[in-house]
Amino acid sequence: MLESGPEMSLVCLTDFQAHAREHLSKSTRDFIEGGADDSVTRDDNIAAFKRIRLRPRYLRDVSEVDTRTTIQGEEISAPICIAPTGFHCLVWPDGEMSTARAAQAAGICYITSTFASCSLEDIVIAAPEGLRWFQLYVHPDLQLNKQLIQRVESLGFKALVITLDTPVCGNRRHDIRNQLRRNLTLTDLQSPKKGNSIPYFQMTPISTSLCWNDLSWFQSITRLPIILKGILTKEDAELAVKHNVQGIIVSNHGGRQLDEVLASIDALTEVVAAVKGKIEVYLDGGVRTGNDVLKALALGARCIFLGRPILWGLAYKGEHGVKEVLNILTNEFHTSMALTGCRSVAEINRNLIQFSRL
(Lines give C-alpha, C1' and ligand atoms only; values in the text may rest on other atoms or scores of the structure.)
Protein backbone atom coordinates (compact mmCIF):
# COMPACT_ATOMS: atom_id res chain seq x y z
CA MET A 1 0.00 0.00 0.00
CA LEU A 2 2.21 2.85 1.27
CA GLU A 3 5.96 2.74 1.62
CA SER A 4 7.46 3.24 5.06
CA GLY A 5 9.93 6.04 5.52
CA PRO A 6 10.86 9.00 7.72
CA GLU A 7 7.90 10.86 9.21
CA MET A 8 6.95 13.86 7.11
CA SER A 9 5.51 17.08 8.41
CA LEU A 10 2.47 17.88 6.29
CA VAL A 11 1.22 21.39 7.01
CA CYS A 12 -1.25 22.16 4.20
CA LEU A 13 -3.58 20.24 1.91
CA THR A 14 -1.22 20.37 -1.07
CA ASP A 15 1.41 18.59 1.05
CA PHE A 16 -1.00 15.66 1.31
CA GLN A 17 -1.50 15.78 -2.45
CA ALA A 18 2.26 15.57 -3.02
CA HIS A 19 2.53 12.64 -0.62
CA ALA A 20 -0.31 10.79 -2.37
CA ARG A 21 1.25 11.37 -5.79
CA GLU A 22 4.49 9.85 -4.55
CA HIS A 23 3.01 6.80 -2.82
CA LEU A 24 -0.08 5.70 -4.75
CA SER A 25 0.00 3.51 -7.86
CA LYS A 26 -0.24 5.33 -11.19
CA SER A 27 -3.74 4.04 -11.98
CA THR A 28 -5.08 5.02 -8.54
CA ARG A 29 -3.38 8.41 -8.68
CA ASP A 30 -4.81 9.02 -12.16
CA PHE A 31 -8.29 7.95 -11.00
CA ILE A 32 -8.25 10.45 -8.12
CA GLU A 33 -6.60 13.37 -9.91
CA GLY A 34 -8.14 12.92 -13.34
CA GLY A 35 -10.44 15.45 -14.94
CA ALA A 36 -12.54 15.22 -18.08
CA ASP A 37 -10.99 15.91 -21.48
CA ASP A 38 -8.31 18.64 -21.08
CA SER A 39 -9.04 19.15 -17.34
CA VAL A 40 -9.75 22.86 -17.88
CA THR A 41 -12.53 22.93 -15.28
CA ARG A 42 -10.63 20.75 -12.79
CA ASP A 43 -7.79 23.29 -12.78
CA ASP A 44 -10.06 26.33 -12.90
CA ASN A 45 -11.90 25.14 -9.78
CA ILE A 46 -8.70 25.96 -7.86
CA ALA A 47 -7.59 28.98 -9.89
CA ALA A 48 -10.98 30.71 -9.60
CA PHE A 49 -10.63 31.01 -5.82
CA LYS A 50 -7.35 32.86 -6.31
CA ARG A 51 -9.10 35.52 -8.41
CA ILE A 52 -11.08 36.59 -5.34
CA ARG A 53 -9.53 39.06 -2.89
CA LEU A 54 -10.37 39.58 0.79
CA ARG A 55 -11.44 42.84 2.46
CA PRO A 56 -10.58 42.38 6.14
CA ARG A 57 -12.07 44.41 8.98
CA TYR A 58 -10.00 45.12 12.09
CA LEU A 59 -10.46 46.19 15.75
CA ARG A 60 -13.32 43.71 16.15
CA ASP A 61 -12.30 41.61 19.21
CA VAL A 62 -11.59 38.17 17.78
CA SER A 63 -10.50 36.67 21.11
CA GLU A 64 -13.29 34.12 20.61
CA VAL A 65 -14.01 32.78 17.12
CA ASP A 66 -16.76 30.18 16.63
CA THR A 67 -16.61 28.04 13.47
CA ARG A 68 -19.81 26.09 14.21
CA THR A 69 -22.83 26.18 11.92
CA THR A 70 -25.79 23.99 10.93
CA ILE A 71 -26.79 22.12 7.77
CA GLN A 72 -30.36 20.87 7.42
CA GLY A 73 -30.81 21.72 11.09
CA GLU A 74 -27.88 19.57 12.32
CA GLU A 75 -24.93 21.25 14.02
CA ILE A 76 -21.44 20.74 12.58
CA SER A 77 -18.18 21.90 14.16
CA ALA A 78 -17.14 23.84 11.04
CA PRO A 79 -18.59 24.43 7.55
CA ILE A 80 -16.13 21.86 6.16
CA CYS A 81 -17.62 18.48 5.30
CA ILE A 82 -16.78 15.43 3.18
CA ALA A 83 -18.04 15.14 -0.40
CA PRO A 84 -19.04 11.80 -1.91
CA THR A 85 -16.13 10.05 -3.60
CA GLY A 86 -16.00 6.38 -4.52
CA PHE A 87 -13.73 3.41 -3.90
CA HIS A 88 -11.84 4.56 -0.79
CA CYS A 89 -10.37 1.05 -0.47
CA LEU A 90 -8.16 1.96 -3.42
CA VAL A 91 -6.11 4.17 -1.09
CA TRP A 92 -6.56 2.60 2.36
CA PRO A 93 -7.58 -0.94 3.40
CA ASP A 94 -10.47 0.13 5.66
CA GLY A 95 -11.68 2.60 3.05
CA GLU A 96 -14.91 4.42 3.87
CA MET A 97 -14.99 3.03 7.40
CA SER A 98 -11.87 5.09 8.19
CA THR A 99 -13.37 8.13 6.46
CA ALA A 100 -16.57 7.82 8.49
CA ARG A 101 -14.65 7.51 11.77
CA ALA A 102 -12.66 10.66 10.98
CA ALA A 103 -15.83 12.60 10.13
CA GLN A 104 -17.49 11.48 13.36
CA ALA A 105 -14.44 12.52 15.40
CA ALA A 106 -14.38 15.92 13.69
CA GLY A 107 -18.10 16.52 14.21
CA ILE A 108 -18.87 17.13 10.54
CA CYS A 109 -21.00 15.54 7.81
CA TYR A 110 -19.81 12.74 5.53
CA ILE A 111 -21.71 12.10 2.29
CA THR A 112 -21.30 8.41 1.48
CA SER A 113 -21.11 7.56 -2.22
CA THR A 114 -23.21 5.03 -4.11
CA PHE A 115 -19.79 3.82 -5.29
CA ALA A 116 -18.48 3.15 -1.77
CA SER A 117 -16.17 0.15 -1.56
CA CYS A 118 -17.42 -0.76 1.96
CA SER A 119 -21.00 -1.76 2.71
CA LEU A 120 -23.29 0.87 4.15
CA GLU A 121 -23.80 -1.32 7.21
CA ASP A 122 -20.05 -1.52 7.88
CA ILE A 123 -19.71 2.26 7.49
CA VAL A 124 -22.49 2.84 10.04
CA ILE A 125 -21.00 0.31 12.48
CA ALA A 126 -17.61 2.06 12.17
CA ALA A 127 -19.07 5.48 13.08
CA PRO A 128 -22.52 5.01 14.61
CA GLU A 129 -22.81 8.56 15.95
CA GLY A 130 -21.62 10.33 12.79
CA LEU A 131 -23.75 12.69 10.70
CA ARG A 132 -24.17 10.92 7.36
CA TRP A 133 -25.88 11.81 4.10
CA PHE A 134 -26.13 9.38 1.18
CA GLN A 135 -25.29 10.25 -2.42
CA LEU A 136 -27.39 8.45 -5.03
CA TYR A 137 -26.65 7.81 -8.67
CA VAL A 138 -30.13 7.07 -9.95
CA HIS A 139 -30.35 3.56 -11.39
CA PRO A 140 -32.70 2.84 -14.33
CA ASP A 141 -34.40 0.19 -12.16
CA LEU A 142 -36.75 2.16 -9.89
CA GLN A 143 -37.16 -0.79 -7.54
CA LEU A 144 -33.42 -0.88 -6.97
CA ASN A 145 -33.42 2.83 -6.11
CA LYS A 146 -36.33 2.33 -3.72
CA GLN A 147 -34.65 -0.57 -1.91
CA LEU A 148 -31.39 1.37 -1.56
CA ILE A 149 -33.13 4.52 -0.29
CA GLN A 150 -35.17 2.55 2.27
CA ARG A 151 -31.99 0.82 3.41
CA VAL A 152 -30.20 4.16 3.76
CA GLU A 153 -33.11 5.62 5.73
CA SER A 154 -33.24 2.63 8.09
CA LEU A 155 -29.48 2.97 8.70
CA GLY A 156 -29.86 6.53 9.99
CA PHE A 157 -28.61 8.59 7.06
CA LYS A 158 -30.03 12.11 7.39
CA ALA A 159 -30.35 13.29 3.77
CA LEU A 160 -30.48 11.96 0.21
CA VAL A 161 -28.08 13.65 -2.19
CA ILE A 162 -29.05 13.00 -5.82
CA THR A 163 -26.26 13.57 -8.34
CA LEU A 164 -27.60 15.22 -11.50
CA ASP A 165 -24.53 15.79 -13.66
CA THR A 166 -23.83 12.18 -14.65
CA PRO A 167 -26.46 10.97 -17.14
CA VAL A 168 -23.42 9.58 -18.92
CA CYS A 169 -19.86 9.30 -17.66
CA GLY A 170 -17.46 12.11 -18.58
CA ASN A 171 -14.51 11.42 -20.85
CA ARG A 172 -11.70 10.69 -18.37
CA ARG A 173 -8.76 9.82 -20.56
CA HIS A 174 -6.45 8.46 -17.87
CA ASP A 175 -9.05 5.94 -16.66
CA ILE A 176 -9.64 4.79 -20.23
CA ARG A 177 -5.89 4.32 -20.81
CA ASN A 178 -5.51 2.49 -17.49
CA GLN A 179 -8.62 0.32 -18.12
CA LEU A 180 -9.49 1.00 -14.48
CA ARG A 181 -13.25 0.48 -14.64
CA ARG A 182 -13.22 -3.22 -15.39
CA ASN A 183 -11.41 -3.88 -12.09
CA LEU A 184 -13.87 -2.11 -9.76
CA THR A 185 -17.11 -3.49 -8.31
CA LEU A 186 -19.94 -1.98 -6.33
CA THR A 187 -21.00 -3.62 -3.08
CA ASP A 188 -24.16 -1.59 -2.55
CA LEU A 189 -25.72 -1.68 -6.02
CA GLN A 190 -26.81 -5.28 -5.82
CA SER A 191 -29.62 -6.37 -8.07
CA PRO A 192 -32.72 -7.62 -6.24
CA LYS A 193 -32.84 -10.47 -8.75
CA LYS A 194 -29.21 -11.47 -8.34
CA GLY A 195 -27.04 -11.40 -5.25
CA ASN A 196 -23.84 -10.42 -7.00
CA SER A 197 -21.98 -7.13 -7.06
CA ILE A 198 -22.16 -5.05 -10.21
CA PRO A 199 -18.95 -4.16 -12.08
CA TYR A 200 -18.42 -0.39 -12.14
CA PHE A 201 -20.41 1.07 -15.08
CA GLN A 202 -20.39 -2.29 -16.91
CA MET A 203 -24.18 -2.44 -16.67
CA THR A 204 -24.53 1.34 -17.22
CA PRO A 205 -26.26 1.63 -13.83
CA ILE A 206 -26.91 5.38 -14.08
CA SER A 207 -30.22 6.54 -15.54
CA THR A 208 -29.99 8.64 -18.70
CA SER A 209 -33.68 9.53 -18.57
CA LEU A 210 -33.91 11.20 -15.15
CA CYS A 211 -35.81 14.49 -15.34
CA TRP A 212 -37.35 17.10 -13.04
CA ASN A 213 -40.74 15.43 -12.87
CA ASP A 214 -39.14 12.28 -11.45
CA LEU A 215 -38.26 14.09 -8.22
CA SER A 216 -41.82 13.74 -6.95
CA TRP A 217 -41.41 9.95 -7.01
CA PHE A 218 -38.34 10.18 -4.77
CA GLN A 219 -40.19 12.55 -2.45
CA SER A 220 -43.05 10.03 -2.25
CA ILE A 221 -40.86 7.16 -1.06
CA THR A 222 -38.66 8.88 1.54
CA ARG A 223 -38.96 11.31 4.43
CA LEU A 224 -35.33 12.34 4.01
CA PRO A 225 -34.53 15.87 2.82
CA ILE A 226 -33.44 15.78 -0.83
CA ILE A 227 -30.31 17.66 -1.90
CA LEU A 228 -29.51 18.07 -5.61
CA LYS A 229 -25.80 17.85 -6.46
CA GLY A 230 -24.34 19.28 -9.64
CA ILE A 231 -26.35 22.46 -10.29
CA LEU A 232 -24.42 25.30 -11.94
CA THR A 233 -27.07 27.70 -13.31
CA LYS A 234 -29.79 29.99 -12.00
CA GLU A 235 -32.33 28.28 -14.28
CA ASP A 236 -31.77 24.89 -12.64
CA ALA A 237 -31.58 26.49 -9.19
CA GLU A 238 -35.02 28.05 -9.74
CA LEU A 239 -36.39 24.66 -10.84
CA ALA A 240 -34.92 23.05 -7.71
CA VAL A 241 -36.86 25.51 -5.54
CA LYS A 242 -40.00 24.96 -7.62
CA HIS A 243 -39.73 21.20 -7.06
CA ASN A 244 -39.47 21.62 -3.28
CA VAL A 245 -36.07 20.09 -2.63
CA GLN A 246 -34.20 21.02 0.53
CA GLY A 247 -30.77 21.94 -0.81
CA ILE A 248 -28.35 22.35 -3.70
CA ILE A 249 -24.68 21.44 -3.96
CA VAL A 250 -23.07 23.72 -6.53
CA SER A 251 -20.65 21.32 -8.16
CA ASN A 252 -19.07 20.39 -11.47
CA HIS A 253 -18.03 16.94 -10.21
CA GLY A 254 -14.47 18.12 -9.58
CA GLY A 255 -14.10 18.79 -13.30
CA ARG A 256 -14.61 15.07 -13.99
CA GLN A 257 -17.80 15.27 -16.07
CA LEU A 258 -18.35 18.08 -18.59
CA ASP A 259 -15.12 20.00 -19.14
CA GLU A 260 -15.09 23.77 -19.74
CA VAL A 261 -18.03 24.57 -17.46
CA LEU A 262 -17.82 27.27 -14.82
CA ALA A 263 -15.64 26.76 -11.77
CA SER A 264 -17.88 25.96 -8.81
CA ILE A 265 -17.04 29.18 -6.97
CA ASP A 266 -17.86 31.21 -10.11
CA ALA A 267 -21.25 29.47 -10.47
CA LEU A 268 -22.13 29.93 -6.80
CA THR A 269 -23.24 33.57 -6.98
CA GLU A 270 -26.01 33.09 -9.52
CA VAL A 271 -27.32 29.95 -7.80
CA VAL A 272 -27.46 31.69 -4.40
CA ALA A 273 -29.23 34.69 -5.95
CA ALA A 274 -31.75 32.43 -7.70
CA VAL A 275 -32.88 30.52 -4.60
CA LYS A 276 -33.51 33.75 -2.64
CA GLY A 277 -32.70 32.10 0.68
CA LYS A 278 -35.48 29.50 0.34
CA ILE A 279 -33.14 26.49 0.46
CA GLU A 280 -29.58 25.89 1.63
CA VAL A 281 -26.79 26.05 -0.94
CA TYR A 282 -23.49 24.21 -0.54
CA LEU A 283 -20.36 23.99 -2.71
CA ASP A 284 -17.71 21.49 -3.67
CA GLY A 285 -14.75 21.80 -6.03
CA GLY A 286 -11.36 23.44 -5.64
CA VAL A 287 -11.33 24.19 -1.90
CA ARG A 288 -7.74 23.87 -0.67
CA THR A 289 -7.30 26.54 2.05
CA GLY A 290 -9.13 28.21 4.89
CA ASN A 291 -9.39 31.36 2.78
CA ASP A 292 -11.23 29.31 0.13
CA VAL A 293 -13.79 28.21 2.74
CA LEU A 294 -14.26 31.82 3.86
CA LYS A 295 -14.75 32.99 0.26
CA ALA A 296 -17.35 30.30 -0.43
CA LEU A 297 -19.32 31.28 2.67
CA ALA A 298 -19.02 34.99 1.83
CA LEU A 299 -20.65 34.22 -1.53
CA GLY A 300 -23.54 32.41 0.13
CA ALA A 301 -22.53 28.77 0.59
CA ARG A 302 -23.77 27.22 3.84
CA CYS A 303 -20.77 24.91 3.92
CA ILE A 304 -18.22 23.34 1.58
CA PHE A 305 -17.59 19.69 0.81
CA LEU A 306 -14.09 18.28 0.26
CA GLY A 307 -13.41 15.58 -2.31
CA ARG A 308 -9.86 14.83 -3.41
CA PRO A 309 -8.13 16.19 -0.23
CA ILE A 310 -10.00 13.58 1.84
CA LEU A 311 -8.57 10.82 -0.35
CA TRP A 312 -5.08 12.33 0.01
CA GLY A 313 -5.47 12.25 3.79
CA LEU A 314 -6.75 8.68 3.66
CA ALA A 315 -3.76 7.64 1.55
CA TYR A 316 -1.40 9.20 4.10
CA LYS A 317 -2.63 7.63 7.37
CA GLY A 318 -6.17 6.37 6.98
CA GLU A 319 -8.56 7.77 9.57
CA HIS A 320 -5.76 9.81 11.19
CA GLY A 321 -4.75 11.30 7.84
CA VAL A 322 -8.33 12.40 7.14
CA LYS A 323 -8.50 13.90 10.65
CA GLU A 324 -5.29 15.83 9.93
CA VAL A 325 -6.66 17.21 6.65
CA LEU A 326 -9.88 18.33 8.36
CA ASN A 327 -7.98 19.77 11.32
CA ILE A 328 -5.55 21.74 9.14
CA LEU A 329 -8.33 23.21 7.01
CA THR A 330 -10.47 24.04 10.05
CA ASN A 331 -7.54 25.75 11.76
CA GLU A 332 -6.81 27.73 8.59
CA PHE A 333 -10.47 28.74 8.37
CA HIS A 334 -10.41 29.82 12.04
CA THR A 335 -7.36 31.96 11.29
CA SER A 336 -9.02 33.43 8.17
CA MET A 337 -12.08 34.35 10.23
CA ALA A 338 -9.97 36.03 12.93
CA LEU A 339 -7.86 37.93 10.41
CA THR A 340 -10.94 39.26 8.57
CA GLY A 341 -12.76 40.23 11.76
CA CYS A 342 -15.41 37.46 11.80
CA ARG A 343 -16.27 36.08 15.22
CA SER A 344 -18.93 33.70 13.94
CA VAL A 345 -19.99 32.11 10.67
CA ALA A 346 -23.01 34.43 10.66
CA GLU A 347 -20.68 37.45 10.34
CA ILE A 348 -19.16 36.18 7.07
CA ASN A 349 -20.76 38.13 4.23
CA ARG A 350 -20.30 39.45 0.69
CA ASN A 351 -18.60 42.64 1.93
CA LEU A 352 -15.53 40.57 2.85
CA ILE A 353 -14.55 39.89 -0.75
CA GLN A 354 -14.06 41.45 -4.13
CA PHE A 355 -13.27 39.89 -7.48
CA SER A 356 -9.78 40.70 -8.71
CA ARG A 357 -9.09 42.09 -12.16
CA LEU A 358 -5.98 39.93 -12.41
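Predicted model: local features only at pLDDT ≥ 70, side-chain atom pairs only at ≥ 80, totals over all residues.
Colleague: Let's start with helix α12. Which residues does α12 cover, and what is the span between its end C-alpha atoms?

Modeller: Helix α12 runs over residues 308–340. A straight helix of 33 residues would span 48 Å, at 1.5 Å a residue. Helix α12 spans only 27 Å between its end C-alpha atoms.

Colleague: Where does α12 bend?

Modeller: At K317, by about 135 degrees. Look just after α12 too: G341 takes a positive phi there, of about 85 degrees.

Colleague: Now two helices together. What describes a packed pair?

Modeller: Two values do: the angle between the axes and the distance between the axes. Here, helix α9 (residues 234–242) packs with helix α10 (residues 264–275) at an angle of about 35 degrees. Their axes are 8 Å apart. The crossing of α9 past α10 is right-handed.

Colleague: Which residues make the contact?

Modeller: From α9, they are K234, E235, A237, E238 and V241. From α10, they are E270, V271, A274 and V275. Now recall the general idea: an α-helix has 3.6 residues a turn, so residues three or four places apart point the same way.

Colleague: On to the rings. How many aromatic pairs are there?

Modeller: Nine, counting rings whose centres lie within 6.5 Å. Ring pairs link F31, F87, F115 and Y137 into a cluster.

Colleague: Which arginines lie over ring faces?

Modeller: R256 lies over the face of F31, 5.2 Å from the ring centre. R132 lies over the face of F157, at 5.1 Å from the ring centre.

Methods:
Residues numbered from 1 in each chain as written. Heavy atoms only, no water. Phe/Tyr/Trp six-rings, centres within 6.5 Å; stacked < 30°, edge-to-face > 60°. Lys NZ or Arg CZ within 6 Å of the ring centre and 35° of its normal. Helix = DSSP H or I, 4+ residues; strand = E, 2+ residues; numbered from the N terminus. Expected span 1.5 Å × (residues − 1). Bend = angle between axes of the 7 residues up to and from the residue. Axes fitted to C-alpha atoms, helices over the stretch in contact; angles between N-to-C directions. Left-handed = near helix turned anticlockwise from the far one by under 90°. Contact = heavy atoms within 4.5 Å.
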